[in-house]
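This report covers the arrangement of domains and a set of side-chain pairs. The sequence and structure come first.

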Amino acid sequence: MNVAIIGTGYVGTVTGTCFAELGHNVVCVDVDAAKVDQINAGIPPIHEPGLPALLKTHVGKRLRATDDYNDAILNSEVTFICVGTPSGDDGRIDLSIVRSASTSIGKALAERSADASHTYHVVVVKSTVVPGTTDEVVAPLIRANGGDAGVVGIAMNPEFLREGKAVHDFMNPDKIVIGGDARAVDTVARLYEKIPCEITRTDTRTAEMIKYANNSFLATKISFANEIGNICKKLGIDVYEVMSAIGKDFRISEQFLNAGAGFGGSCFPKDVKALIGRAGELGYDPLLLNAVIMINEEQPMRMIELLTNRIRDVRNRRIAVLGLSFKNDTDDIRESRSIPVIRELLNRGATVAAYDPLAAENMREVFPDILYCDSAKSALEDADACLIMTEWAEFGSLDQEFDAMREIVVIDGRRMVSLDRGVYEGICW
Ligand code: UDX
């Protein structure tokens, strides 16, 4: 099938490249000409394992990029909206990019020639949007701008891609959810034909809610593990032993019960807040979801509390921060738990020596003046304390490197290290 992908961020680039791998002809659209050139040169605009090789295989053959909506949409049967849905100042979803993409798609569809104007075309929302958006915002804008209701189908197909594992997750999903009327859903389902996975067919609002409920539940599991972990810490109990045991209950599962410094990333914090915002608009105060966010915002401050229990005054002390990305295997720092920690350290006058295998350049935009080191070893040299903020595998093999510290004080926010000397403390254990 011929597919247009609007937006070459995380979701758009992975989705487009994987559809090409599944045998479809894909045109990616972005208003940013630099990104378009990059993709056409076979270079992914994002860091994602497996993506460079796939893009290289398909670019110039089954995949290309353009900044011209008409070029992409008029040559496609299905158009995916994969643009960003950032949080507004109040945490509620900002739909301005979705709106402008919908308007542009409507205008492009209005340009279809008399011959093509009766050909069925489906517009699919893949961006994460609050329930009601596809039917109440996207569809009306497409129609108002010329996408004829009779031959334009509308669908919603949420993504469940983890950063760092997005290509794997796309090709090996545990569910594919498609919302819309039967004809639109059938058309979108054909794109996934080669993937052996059951398709959940539903309406657009339910598909939208499934995405929010999915992410909110995972975020809840993490905040739950952190809350139990905070209590365990006071009782001298190892929360990892507790979670490992309760995870054996098939109704609970052991996934996403790793207590630590909290969740970050482009999805969990934003999606939970967007659902809270939408619930508020409907006159409902979501107590549990609010608590999930509150616990998550407290966890980084617990790292500071544990540190200052050991070093009362961090002014002019060198604090090594290991890990800047919001999780391992990505250079993404969005909502990283290391951001509030570094901010607080700086407020208290500490000298921060940071190391991350991939994310230093991105963090430099947030904190231009901290010290960026090219290895964990050099960050630890002469440090008065160390905070481990990200679950990078390489931190698991650190040992003698800690001996270069002025004093061994290690506060672990991700259960990466076990040390038999100096001071070692886990955030929740
Ligand atoms: C998430 C969802 O998993 C994915 O399905 C969705 O569509 C996009 O959002 P992602 O943001 O890439 O994916 O990261 P994920 O692996 O889910 O981790 C999110 C955060 O939770 C990270 O900061 C991670 O460190 C933290 N986390 C995860 C924990 O603190 N404990 C855990 O047990 C698991």
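## A salt bridge

Arg 92 and Glu 281 form a salt bridge, with 2.8 Å between the closest N and O atoms. The term requires a side-chain nitrogen of Lys or Arg within 4 Å of a carboxyl oxygen of Asp or Glu.

The model is predicted: local features need pLDDT of at least 70, side-chain atom pairs count only at pLDDT 80 or more, and totals for chains, interfaces and linings use all residues. Residues are numbered from 1 along each chain as its sequence is written, and side-chain values use heavy atoms, leaving out hydrogens and water.

## Domains and their interface

The chain is divided into domain 1 (2-202) and domain 2 (237-429), with bounds from an automatic or database domain assignment. Their centres, taken over C-alpha atoms, are 34 Å apart. In the contact (heavy atoms within 4.5 Å), domain 1 contributes 15 residues and domain 2 contributes 17.

About 1,200 Å² is buried between the two domains, 52% of it on carbon and sulfur atoms; buried area is the accessible area (1.4 Å probe) that two parts lose on being put together, summed over both. Of the area that domain 1 buries against domain 2, 44% comes from His 47, Arg 92 and Glu 163, more than from any other three residues. Two salt bridges are found across this interface.

## Aromatic pairs

The structure has eight aromatic pairs, meaning rings of Phe, Tyr and Trp (its six-membered ring) with centres within 6.5 Å; planes under 30 degrees apart are stacked, over 60 edge-to-face, and the rest tilted. Phe 19 and Phe 170 form an edge-to-face pair, 5.3 Å centre to centre with 90° between the planes.
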